[in-house]
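Hello,

I am passing on the structure below, with some notes on what turned up in it. Please have a look before reading further.

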Amino acid sequence: MSLYHDAAALLVPGSDQAGTLKSRVFNCKDLKSPPKQVYALLSEASRWSSVLSEVVEKSQLLQLERKLSPSLALLLVHDLLLNKRGISAPASHPLRTSVEKHKARLAAELTKARLKRGFISIEDLRVYVETGNIQTDHQGSASLSHNEDRAGVAARRWPHPRWVRVNTIKTSLDEQLRTTFAGYKHSSSLEQLLDVTTSRTEKLLHIDKHIPNLLALPPLTDVSKTPAYTNGLIIFQDKASCFPAYLLDVKPEDGNCMDACAAPGNKTTHLAAIADQRGVGGSKPQIYACERDKTRALTLQQMVRIAGAENHVTIKAGQDFLRMESSQPPSDGVGALLLDPSCSGSGIVGRDEVSEVILPRSELTYVPQSRSKKRKRKAPVEASQPIVETPVVPEETPLNGDDSSDRLSTRLAALSAFQLKLLLHAFEFPKARKITYSTCSVYLQENEHVVTKALESPIAKKRGWRILQRDQQISGMKAWEIRGNSQACREVSETGDVDQVAEACIRCEKGTKEGTQGFFVAAFIRDGKEQVPQKSLEEEEEEEDWGGFSDGSYSL
Ligand SMILES: C[S@@+](CC[C@H](N)C(=O)[O-])C[C@H]1O[C@@H](n2cnc3c(N)ncnc32)[C@H](O)[C@@H]1O
């Protein structure tokens, strides 16, 4: 059956197959089945792989059906148990019969795997898996052994809601509640909304208590076909990703703003919406949106247009922020900067891409003694270790927990140096008084380390930059409970005076009942009136010309 053979060949990439699952499928010239069908099967089965591998192993399917490879078994069992249409093969096809005859045993193992993870129905488990959480569990549990992870040792995680930001440039929260979300029941708690048993049967929404004009919907709610979405009245944006523009808290007296690393543009359009609301008379701040990558700048352009933010935003396509001369226009008139640079993306909750596939083990080393002479030979010894795909990690996709620790620490050191460099460049802008620095990374190196080093840098001291203390932050951010890690600040601090710095930093965790991705943000302020003399510090230093990363992870 070509569909399953095609898919099995691509489930785990060979060392010569780089790129995402999607690109592997659509670039493959040897497929006999439609690529769309192969991709759909692969992405579904990959998401389910940790559960299904357990089912296959416990049922001993691979020992009973020696002709099945681990990949084929995973794909066939997926369709048998989870696809409404079952296995796409004629009823008498040997592949189909080899799995179907074990259906009762496989179904029983799926039930056990579900109950072990604490889900009362298969639909509840489905929501959890399809919102990327099983994958997240595995990535987040790098310190657990493979077996521990399979056994579901990691505590049950909360599914990820669908966050919707009402775009106040084009509409209002009240209007959206009356129109797009008419008929939705309001849930006062996010927890209730994330309880899949309730939210599967009811249209629910929750109005966020930290970020104005932000709504949460149950994980699998699809409003992407509504006119409000297609016309840019509502925008899908994770709650944590709304923190930087909100924390920047722009006011007309701030002058112009700059989004230094802008594409695809969620934070730019959020900033534009806030600027639009705050504009007094004609003095709305102008937002310069820099994006070094010209292709990504096209997405930014499209996003700004759909959001109706063209009057507020000037796009600097192909512009490297580090090459923006701080003392020249437009930089010299910029009072507030939003800095959301490329990062490891380790906080992203994987909705669309599966970076790791867990295959079932076929651990018997001998074929049972056969009476037939033909089958006398020993079967090849198969690895008793689990087969875990080592994912190929393109720069724009999140690193995962399986990355070798050497590779990870080298990459984090490079990212951290790059992020610090961007932040120090922002510190030089002569009229700048406010900066937010954010990443969708959970790593200390990209977060507290960068913030602490920046605060203790000569340019910060010279220009009077300090952290925006928690009690000075805008109400929703002051109220947010998860703060920075003081130990991490201390690790790189020369003064050790870091408790207030950590308290000023804001963190978001993934997989919790707060419903956010992993994220970090801190704000810096300065009141001094001094200007940096013509020659910038950066020019004085003899620094190598940083080429940067060709792409960034997005925090959507
Ligand atoms: C994390 S993404 C930004 C996501 C964006 N803020 C949003 O919310 O949609 C980082 C972006 O910065 C861009 N970038 C990286 N280095 C840059 C630089 N030196 N100057 C300008 N843009 C840069 C990357 O191409 C990438 O598009």
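Which residue does Glu481 meet in a salt bridge? Its partner is Arg470, with 4.0 Å from N to O. Keep in mind that this is a predicted model.

Glu481 sits in the loop between helix H22 (475-479) and helix H23 (486-492), and Arg470 in the loop between strand S13 (466-467) and H22, so the pair ties together parts that are 11 residues apart in sequence.

Arg278 is partly exposed, with 28% relative accessibility, while Asp249 is buried, with 16% relative accessible area.

Lys267 also lies in helix H17, and its partner Asp340 is in the loop between strand S9 (334-339) and strand S10 (358-359), so parts 73 residues apart in sequence are tied together. The closest N and O atoms of Lys267 and Asp340 are 2.8 Å apart, and both residues are buried.

Asp249 and Arg278 also belong to a network with Lys251, joined by salt bridges that share partners. The count of salt bridges in the model is 18.

Regards

Conventions:
Residues are numbered from 1 along each chain as its sequence is written. This is a predicted model: local features need pLDDT of at least 70, side-chain atom pairs count only at pLDDT 80 or more; totals for chains, interfaces and linings use all residues. Side-chain values use heavy atoms; hydrogens and water are left out. A salt bridge is a side-chain nitrogen of Lys or Arg within 4 Å of a carboxyl oxygen of Asp or Glu. Buried means under 20% relative accessible area, exposed over 50%, partly exposed in between (1.4 Å probe, protein chains only). Helices (H or I, at least four residues) and strands (E, at least two) are DSSP runs, numbered from the N terminus.
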